[in-house]
Amino acid sequence: MEQQTTSLRTTLQLSIYKVIDPFVKVLIKLGLTPNAVTTIGFMLNVGVAVIFIFGAEEGNRGDLTYVGWAGGLILFAGLFDMLDGQVARLGNMKSTFGALYDSVVDRYSELIMFLGICWYLVAHHYFLSSLFAFIALIGSMMVSYVRARAEGLGIESKGGLMQRPERVITIGLCAILCGVSSLYIGGDYKLFIPGIKYHVFETMSIFTIPIVALAFLTNITAFNRLMNAKKALLEKENSEK
């Protein structure tokens, strides 16, 4: 199952590369380096946090347009995660520091994005959802940390369902869908079921339910990577005996 998922992910990634490669060549002609592209992606994620924070301070609970605009910028910023690697490859500008810089800045980008999300959710009294957003942040960081730590020990531990591209796409698309839906059904829409005191769904759920799913799936992915690393380390130790 995991091999099929990886194969599908690789196929989709290659397809996206074919689409963005002409744009990558333009960036190279403009003289942009991979590190510059990475930095632009980070600044866009700062913009995501600003939108969420502005929506928290200036918007009201029923105005979900800020969520929608933030989602669009999340996807646009995520595009630069792919562009920097392609600029390095097609422009023959690969470097060890570049790989390190990309990895570090990606973590900062994700941290600041979740900062904005948590700020927005707390400000509008979605306290339980803000807790799940924080748990999703923990899982996201651990997914990357387990891989990096395993590679430091000389083994490979990657793959899984919720890697960074999947996280970015999930959050971005659901945020856009939430914002757009609010224009049609209203930001304050609530669904009640007879006999149940509290509503079982609201417009904001379009954004918060996927965050809850991320909270579980990211940590499951991190745990699976840890178990795969354990298996690889045992095999390595046995082969050295």
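Residues are numbered from 1 along each chain as its sequence is written, and side-chain values use heavy atoms, leaving out hydrogens and water. Since this is a predicted model, local features need pLDDT of at least 70 and side-chain atom pairs pLDDT 80 or more, while totals for chains, interfaces and linings use all residues.

Reader: Which helix holds Glu-110, and is Glu-110 buried or exposed?
Author: Helices here are DSSP runs (H or I, at least four residues; strands are E, at least two), numbered from the N terminus. Glu-110 lies in H4, residues 96-123. Buried means under 20% relative accessible area, exposed over 50%, and partly exposed in between, with a 1.4 Å probe and protein chains only. At a relative accessible area of 1%, Glu-110 is buried.

Reader: Which side chain makes a polar contact with the side chain of Glu-110?
Author: Skipping residues up to four places away in sequence, Glu-110 touches Leu-137, Ser-140, Met-141, Arg-164 and Arg-167, where contact means heavy atoms within 4.5 Å. A polar contact asks for a pair of N or O atoms within 3.5 Å; within protein, one must be able to donate a hydrogen and the other to accept it, and residues adjacent in sequence count only if both atoms are side-chain atoms. At 3.4 Å, the partner is Arg-164.

Reader: How do the rings of Phe-54 and Tyr-66 pair, and what is the angle of their planes?
Author: Rings of Phe, Tyr and Trp (its six-membered ring) pair if their centres lie within 6.5 Å; planes under 30 degrees apart are stacked, over 60 edge-to-face, and the rest tilted. A search of the whole structure turns up six aromatic pairs. In this one the centres are 6.0 Å apart, and the pair is tilted because the planes stand at 55 degrees.

Reader: Over which ring does the charged end of Arg-61 sit?
Author: A charge sits over a ring if NZ of Lys or CZ of Arg is within 6 Å of the ring centre and within 35 degrees of the ring normal. The charged end of Arg-61 is 4.0 Å from the centre of its ring, which belongs to Tyr-126.
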